[in-house]
Amino acid sequence: MTQEKDYIVRCASCRTKNRIPADKAGLTAKCGKCKSSIETQELFIGKPLILDDTDFSAKVLLSPVPVLVDCWATWCGPCQMIGPIVEQLASEWKGRIRVCKLNVDENPATSAQYSIMSVPTLLIFDNGELKDSIAGAAPKHQIVRKMAPYLG
Ligand SMILES: [Zn+2]
């Protein structure tokens, strides 16, 4: 018996959810419906993915799994507090949630698009849509509770 669960990843082409057995984690899968390749390697790194304005759509909106984006700035004290929590979550949610970081000063287009007024702000995306957000430095249990519906 293994206690590892299967992973649920969405095909970037047809958006169908595919079940990936735990022992195939990190390999390239084929969508059961449209046969497109589903790259899962990046989901199992266990570290936050650094986003910028150029790859935001590809990494977030077309993500095979739900996404948590930590919008932060170097000069922001509370951002330094939430940073280690985000690192932990990236490791704990490996393969299930894509955890990302977006430096708002370096990426003004994305910050404007999602009307980020203050940092830190956490954005939650699923299937290409902004689903929820958390403004301010939330404690870990609050972030976990907000993400519970997406942890499958
Ligand atoms: Zn597909």
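**Strand β6 and its sheet**

In this predicted model, strand β6, helix α2 (residues 77–92) and strand β7 form a β-α-β unit of right-handed sense. The two strands of that unit belong to an open sheet of five strands with mixed pairing, ordered β5-β7-β6-β8-β9. β5 (49–51) and β9 (129–135) are the edge strands; each has a single partner strand, so one side of each lacks a neighbour in the sheet. On average, neighbouring strands of the sheet are turned by 25° against each other, direction ignored.

**Pairing of β6 with β7**

- β6 (residues 67–72) and β7 (residues 98–103) pair in the parallel sense, and six bridges join them.
- V67 has R98 as its bridge partner in β7.
- Further along, V69 stands opposite C100, also a β7 residue.

**Pairing of β6 with β8**

- On the β8 side, β6 runs antiparallel to strand β8 (residues 121–126), with five bridges between the two.
- F125 is the β8 residue opposite V67.

**Burial and side-chain direction in β6**

- β6 is mostly covered, with six of its six residues buried.
- In a regular strand, side chains alternate between the two faces of the sheet.
- In β6, V67, V69 and C71 point one way, while L68, D70 and W72 point the other way.
- Both sets are buried, including the residues D70 and W72.

Technical notes
Residues are numbered from 1 along each chain as its sequence is written. This is a predicted model: local features need pLDDT of at least 70, side-chain atom pairs count only at pLDDT 80 or more; totals for chains, interfaces and linings use all residues. Two strands pair if DSSP finds at least two bridges between them. Helices (H or I, at least four residues) and strands (E, at least two) are DSSP runs, numbered from the N terminus. Axes are lines fitted to C-alpha atoms, for helices over the stretch in contact, and angles run from 0 to 180 degrees between N-to-C directions. A residue is buried if 20 or more other C-beta atoms lie within 10 Å of its own, exposed if 12 or fewer, and partly exposed in between; C-beta atoms are placed from the backbone. A crossover is right-handed if, with the strands pointing away from the viewer, the path from the first strand over the helix to the second runs clockwise.
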